[in-house]
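Hi,

Here is the structure I said I would pass along. Have a look at it first, and my notes on the sheet follow below.

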Amino acid sequence: MYKLCIIGSSDIIPKHIIAAQKNKFKLHSITSLNFNSPNAKKIKKKFKIKRFYSNWKECVQETSKIKNTCFLVAPRIEDTVKVLKFLSKYKKPIIVEKPIAHNLKKLNQIKNDKIFVGYNRIFYKTVNYIKTKYVKNNTGKIFVNVVCPEISKRNFISNSCHIISVLIFLFGKLKLKIKISNKKMISCLLENKKTLINLSVIFNAPTNFKIDLYANGSFLKLSPIEELREYKKLKKIKKKNLNIYNPVLSKYIHDYDKNSKPGFNYQYKLFKKFCNNHKITIQNSLPFAKYVMSLCEKIVK
């Protein structure tokens, strides 16, 4: 059984803990970059974590000596690279919250093949249904329309990186062919041999994230990303003297779990295998995170 040492005390930590416990990780210790953190103490008490460390470096130094320990790193984004650089010399498996840093330059400072990046949306049932049924077996071009409502360009990197991670997971490497931008929006065309993606980043728009996909004669809609609607045909409805054609829902999939954050359970199942053998192939590796960041920067800068 792997012993999990937690570095961080934000609201995302309990969601990680629930998924880790479901996958038989033992909660060994918790610390924070805030010295003697009250929030970390509350989490320790709530989840009955064995040890609390007021100093995070002391925590790393001590717990890294224990057999079968691994680390969850989820402090402020501003502190994540510093923690990973310090932790990397101990050669322990690490699961870290995305996107790790606000820019590629800082992200490139990390050199470690034992890092598992928490891009949980690539573990959604909705996303994997599309990959298995439509992307792997598709013979023609796939057309995709994506809408990302955002607050700012900086927030695009820390938040919409999830959407970019899904696009890369589904379709592989993408080239930015065209970009038009102003203060209110960014419109991009992304492409590879099999996929054409129209991506719109709209600032302060009252709408959900959306991915529409057209492949093999079907229309698929992710909005929000946790819900998938699949349509294969239209139904004609007569309304007065008009013919109205409505899409007919053929399949609905959702990824909601009242007990855990979507994607986290499957994420921790794979992380457990990664702890046993960090050389297994994982999609959400450090190079994957760097490529996500690289594409995000091309879109917003």
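Which residue in S10 is the bridge partner of Asn-145? In this predicted model, the partner turns out to be Asn-198. That pair belongs with strands S7 and S10, which run parallel and are joined by 9 bridges.

Zooming out, the sheet is an open one made of 8 strands, and if you walk across, the order reads S8-S9-S10-S7-S11-S12-S13-S14. Pairing is mixed. Strand S8 (175-181) and strand S14 (242-254) are the edges, each pairing on one side only. From one strand to the next, the twist averages 20°.

S10 has another partner to check out: S9 pairs with S10 in the antiparallel sense, over 7 bridges. A hairpin of 3 residues takes you from S9 to S10, and Leu-190 stands opposite Ile-197 in S10.

Further along the sheet, strand S12 (residues 218-222) and strand S13 (residues 227-239) also pair in the antiparallel sense, over 4 bridges. There, Lys-221 stands opposite Arg-229 in S13.

That's what I have so far.

Cheers

Methods
Residues numbered from 1 in each chain as written. Predicted model: local features only at pLDDT ≥ 70, side-chain atom pairs only at ≥ 80, totals over all residues. Heavy atoms only, no water. Pairing = 2+ DSSP bridges. Helix = DSSP H or I, 4+ residues; strand = E, 2+ residues; numbered from the N terminus. Axes fitted to C-alpha atoms, helices over the stretch in contact; angles between N-to-C directions.
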